Amino acid sequence: MGASNIPDLQFTPIEVIQERASTLRKTFLEHKTRDVEFRLKQLRKLYWAVKDNEEKIVEALAQDLGRPRFESEVAESGWVQNDIVFVSRNLHKWMKEEKAEDIDLSFKLMNPKIRKDPLGCVLVIGAFNFPFQLTLGPVIGAIAAGNTVVIKPSENAPKCAVVIQQIVEASLDPSCYTVIQGGVPEVQALLAGKWDKIFFTGGATVGRIIAKAAAPNLTPVVLELGGINPAIITKTANPRLVARRMLWGKHLNAGQICTSQNYLLVDRAILPAVIEEFKKAYKEFYPQGAKASPDYSRIINEGAFQKLKTMIDNSKGKILMGGTMDEKDLFIEPTLVQVDSPDDSLIIQESFGPLIPILPVDNLDEAVNIANGIQSTPLGVYPFGNKADTEKILALTRSGGAAVNDAALHIPTLAFGGVGESGYGAYRGRASFDAFVHRRPITTSPSWLEAILAIRYPPYAGKLSKLKATSTLAPDFDRNGDKIRFGWLRMFLTLGGGTAKAGAGRAAVVAVGE
């Protein structure tokens with residue numbers, strides 16, 4: 001496919017960035033995006049714009065990443081279309097006001113409920129590795145939630161950035177949604193503005209910059225970052241499944257995926273079998289080698305290529321499979337390396353490429369200790385083995401998510417997010433909607449409650465003891481922290497308070513601010 005089919009990326013003039021953002025803030029305050037039918041119409045139009053531009057999406061991904069059509073349609077255009085349909089089908093349900101649950105009986109008189117309000121004007125900064133999924137995915141949630149959105153695609157995938165802009169401008173209301181193109185100066189200009197939320201997908205270094213820029217305005221941020229993700233292979237694991245699934249995790253987009261494993265901790269008892277199965281799987285996936293395969297992507301740019309090459313050059317490990325490179329073609333072969341230390345360069349850094357370091361361990365406890373000793377909370381953990389072993393791994397480790405006996409797998413509509421170094425906040429499916437709304441608690445105090453509520457008004461003389469007698473919750477535990485037997489019966493008889501009249505007293509203090 002020729003480069004002429006997609007124009008070159010043009011950066012947005014810095015002087016117009018704040019003007020564009022101001023237009024979107026003004027639109028939000030005019031309440032244009034609050035109507036659910038308006039939101040649905042925007043989502044539906046976006047669906048068809050993605051559908052109509054499927055060939056351009058394939059072409060852009062091929063030019064930027066060497067991405068095969070199969071991965072482009074499954075993990076990009078198809079993913080986005082399915083996301084839109086899922087959100088559209090559920091939006092009315094998600095937007096409904098919720099009755100407040102798990103509250104004292106007395107407060108039910110005030111009809112407490114939760115309303116889902118849009119946050120306002122939000123900024124979405126996308127990533128290069130899955131540019132359509134990781135840029136338009138959060139945008140879908142922001143639209144569904146009723147926000148206006150400034151969209152900043154990654155300049156590192158320039159052809160994809162152009163197509164994203166074409167899709168947005170062909171389908172969405174320009175007074176509510178706009179695309180800003182550029183690099184560091186343009187992002188800095190965006191971060192200088194005030195936002196109601198910032199959503200960023202990328203690395204931890206830039207994530208810290210985003211969070212620091214958001215802090216002065218107390219802007220909430222969702223950070224979807226990477227992680228040094230471990231796969232823990234116990235002696236009860238199936239070596240063939242380990243090899244095929246782990247190789248797939250590093251084959252997809254040439255390993256440029258934040259959820260893929262960074263290293264494998266393999267029990268020595270099955271180490272030879274695992275290595276042999278990797279070699280078999282590689283020959284099965286790439287009969288003519290990865291470089292000649294139409295199903296294998298390329299590294300995004302020279303900088304990323306050099307980083308991966310340096311990691312291999314600095315490693316003291318032994319290459320067991322692969323290892324060939326071609327800088328001109330930005331090609332790095334899936335490379336299996338056996339290392340002998342958790343301090344090896346291939347383990348302590350996130351590779352974000354097709355490198356597969358294996359560190360042998362003596363037992364499961366050693367593997368868990370090594371994984372927990374890496375100073376980075378991973379985005380994903382991948383335990384392989386029987387139920388007892390994998391449950392132990394899940395119980396003793398932390399991560400944003402986990403896939404048992406699999407690699408890099410995540411259900412598209414399941415909430416997805418990191419923890420610690422791998423980020424905070426979540427999106428996808430219902431979580432994409434929730435990420436961009438404020439759950440606004442609302443109470444309504446009817447006038448007939450005034451006789452009861454009057455206890456909160458001054459003068460206070462003689463009221464405190466009466467209020468405490470009727471509004472103090474009775475504990476169902478003693479001073480040692482032990483549960484009191486039949487405490488539930490006492491709570492029931494007093495309606496959760498000190499006496500049977502607790503209801504009225506509890507309601508009276510609501511406006512005092514407990």
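**View 1. Helix α7 (residues 184-191) has E186, V187, A189, L190 and L191 buried.** The model is a predicted one, in which local features need pLDDT of at least 70 and side-chain atom pairs count only at pLDDT 80 or more, while totals for chains, interfaces and linings use all residues. Residues are numbered from 1 along each chain as its sequence is written, and side-chain values use heavy atoms, without hydrogens and water. Buried stands for under 20% relative accessible area, exposed for over 50%, and partly exposed for the range in between (1.4 Å probe, protein chains only). Helices (H or I, at least four residues) and strands (E, at least two) are DSSP runs numbered from the N terminus. The buried residues of α7 pack against α1 (14-29), β3, β4, β6 (197-201) and α8, where contact means heavy atoms within 4.5 Å.

**View 2. The whole chain has 19 helices and 20 strands.** Its C-alpha atoms fill a box of roughly 85 × 55 × 40 Å along the principal axes. Of the 514 residues in the chain, 52% are buried. Among contacts with a separation of 6 or more, 73% are between residues 24 or more positions apart.

**View 3. The largest nonpolar core has 62 residues.** Such a core is a set of buried Ala, Val, Leu, Ile, Met, Phe, Trp, Tyr and Cys residues joined through side-chain atoms within 4.5 Å. L46, F132, V149, I167 and F436 have the most contacts inside this core. Two or more residues each come from α2 (36-52), α3 (54-65), α4 (69-95), β3 (121-125), α5 (131-144), β4 (148-152), α6 (158-171) and β5 (177-179). Domain 1 (14-226) and domain 2 (230-394) each supply at least three residues to this core; the domain bounds come from an automatic or database assignment. A second, separate core has 55 residues, including A237, L247, V274 and L336. In soluble globular proteins, nonpolar side chains tend to be buried together.

**View 4. F436 is one of the residues with the most contacts inside the largest core.** Leaving aside residues up to four places away in sequence, F436 touches D117, P118, L119, V122 and V124, as well as P138, G141, A142, A145 and N147. K197 and F199 are also among its contacts.

**View 5. Q133 of helix α5 makes a side-chain polar contact with the side chain of R428, at 2.8 Å.** A polar contact is a pair of N or O atoms within 3.5 Å; within protein, one atom must be able to donate a hydrogen and the other to accept it, and residues adjacent in sequence count only if both atoms are side-chain atoms. Q133 is buried, with a relative accessible area of 7%. Beyond four places away in sequence, Q133 touches A75, E76, W79, V80, P138 and R428.

**View 6. E224 and C258 carry the UniProt annotation "active site", taken from an unreviewed entry.** UniProt positions are given in the numbering used here with shortened feature names, and annotations may be inferred rather than shown by experiment. The annotated residues spread over 35 residues of sequence but cluster in space, with a largest C-alpha distance of 9.1 Å. C258 belongs to the lining of the second largest cavity. On a 1 Å grid over the protein atoms alone, a cavity is a set of points where a 1.4 Å probe fits but cannot get out, and lining residues have an atom within 4 Å of a point.

**View 7. E224 is in strand β7, while C258 is in the loop between α9 (239-251) and β9 (263-267).** E224 is buried, at 3% relative accessible area; C258 also counts as buried, at 17%. Contacts of E224 include F199, F200, T201, G202 and F416, and also Y427. Contacts of C258 include N129, N229, E350, F352, L379 and F416.

**View 8. L218 and L330 each have a positive phi of about 55°, although neither is a glycine.** L218 is in the loop between α8 (204-214) and β7 (221-224) and is exposed, with a relative accessible area of 75%. L330 is in the loop between β11 (325-326) and β12 (331-332) and is buried, at 17%.

**View 9. P458 and P459 are joined by a cis peptide bond, with omega about 5°.** P459 is in the loop between α16 (450-453) and α17 (464-471). Most residues other than glycine have a negative phi, and most peptide bonds are trans.

Conventions. 1 Å grid on protein atoms, 1.4 Å probe; cavity = no way out; pocket = protein on both sides within 12 Å on 5 of 7 lines; lining within 4 Å.
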